[in-house]
Amino acid sequence: MRIDFHTHLLPKLDDGSQCVEESQAMLEALRLQGVDLAVATPHFYSNHASLDDFLQKRSTALELLRAACPDQQPDLRLGAEVRFFRGMGTAERIAELCIAGTNALLIEMPFSQWGRGESAELQQILSRGITPILAHIERYDSFQKDLSAFNRIINLPVLLQVNAEALLRRKTRKFVFRLMDHDFPILLGTDCHNMQSRKPDMDAGREILARKYGQSCLEQIDALGEDLMK
Ligand SMILES: [Fe+2]
């Protein structure tokens, strides 16, 4: 099953889709690329909105989209892209932001040097039986002057989400290839926000992976995703 683990396609929630029609166009673009399931991951910032408010607005956005296109494909699963915050490891209701039906939580890590604080929060999350998925893992290494905390964290039993478009640029492609060469557990997402500058583009990145590592690597990535969603 082909899954897009990172999308901003729910309408009028964050800096992603701004209307139902745009959401429909994004879904259609994903369908045409063979995506069977998309996880809706609107931004959640703990300092901007209460959890109840976020959950309520998210359900309303989903209802709006479902009412406009009842037979919409791909299927949608609710999730969130949770911006890392101090105290998230012990935040009582953090599990409510996991991808529906799973114990996996998509986390946007700080765009700054990582250290013990990040590592401790993630370990606390893991100790509660929640699996962190580190969103667009290719976007942080340039912020690390010292890679030791970064390397320690990606070696925790976490999952690493790669934006498919990262494979289209030389520097990030090299980084993703390094992850692949070391057998890190990868999930793919488009991180689509609209139909212009950040549109759903899964295919081009998958093709690059298939050319380099063979079709079997895509099968492995898809199997890992499917397993997670069970
Ligand atoms: Fe995102």
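At what angle do the axes of helix α6 and helix α7 cross, and within what distance do they come?

1. Basis. The model is predicted: local features need pLDDT of at least 70, side-chain atom pairs count only at pLDDT 80 or more, and totals for chains, interfaces and linings use all residues. Residues are numbered from 1 along each chain as its sequence is written, and side-chain values use heavy atoms, with hydrogens and water left out.

2. Iron site. Four residues supply the protein donors of the iron ion: H6 (NE2), H8 (NE2), E81 (OE) and D191 (OD), at 2.1 to 2.3 Å from it. Donors here are N, O and S atoms within 2.8 Å of the metal (3.2 Å for Na, K and Ca); water is not among the atoms, so sites may look incomplete. Along the chain the donors are spaced as H-x1-H-x72-E-x109-D. H6 belongs to strand β1 (residues 3-7) and E81 to strand β5 (residues 81-83), so this pair ties together parts that are 75 residues apart in sequence. Helices (H or I, at least four residues) and strands (E, at least two) are DSSP runs, numbered from the N terminus. H6 and E81 are both buried; buried means under 20% relative accessible area, exposed over 50%, and partly exposed in between (1.4 Å probe, protein chains only).

3. Geometry of the iron site. The angles among the four donor atoms run from 80 to 164°, and the site is irregular. Four donors count as tetrahedral if all angles lie between 85 and 135 degrees; four count as square planar and six as octahedral if opposite donors are over 155 degrees apart and all others between 65 and 115; anything else is irregular. For reference, ideal angles at a metal are 109.5 degrees for four tetrahedral donors, and 90 or 180 degrees for six octahedral ones.

4. Helices α6 and α7. The axes of α6 (residues 203-213) and α7 (residues 215-229) cross at roughly 125° and come within 6 Å. Axes are lines fitted to C-alpha atoms, for helices over the stretch in contact, and angles run from 0 to 180 degrees between N-to-C directions. On the α6 side the contact is made by R206, L209, A210 and Y213, and on the α7 side by Q215, S216, C217, L218, I221 and D222. Contact means heavy atoms within 4.5 Å. By class, this contact has six nonpolar, two polar and two charged residues. Ala, Val, Leu, Ile, Met, Phe, Trp, Tyr, Cys and Pro count as nonpolar, Asp, Glu, Lys and Arg as charged, and the others, Gly among them, as polar.

5. D222. This residue of α7 counts as buried, with a relative accessibility of 14%. Not counting residues up to four places away in sequence, D222 touches M1, R2 and R206.

6. Helices α1 and α2. The axes of α1 (residues 20-32) and α2 (residues 51-68) come within 10 Å, crossing at roughly 75°, which makes α1 roughly perpendicular to α2. V20, S23, Q24 and L27 of α1 meet L64, L65 and A68 of α2. The classes in this contact are five nonpolar, two polar and no charged residues.

7. M26, in α1, is buried at 0% relative accessibility. Its contacts, not counting residues up to four places away in sequence, are H8, L9, S17, C192, H193, N194, M195 and P200; H8 is also one of the iron donors. F54, in α2, is buried at 7% relative accessibility. Leaving aside neighbours within four places in sequence, F54 is in contact with P42, H43, F44, A80 and L97. F54 and A80 are 26 residues apart in sequence and 9.6 Å apart in space, C-alpha to C-alpha.

8. Backbone items to check. Q73 and P74 are joined by a cis peptide bond, with omega about -5°; P74 lies in the loop between α2 and β4 (75-78). K12, not a glycine, has a positive phi of about 55°. K12 sits in the loop between β1 and α1 and is exposed at 58% relative accessibility. D183, also not a glycine, has a positive phi of about 60°. D183 is in the loop between α5 (170-181) and β9 (186-189) and is exposed, with a relative accessible area of 69%.

Technical notes. Angles under 35 degrees count as roughly parallel, over 145 as roughly antiparallel, 65 to 115 as roughly perpendicular and the rest as oblique.
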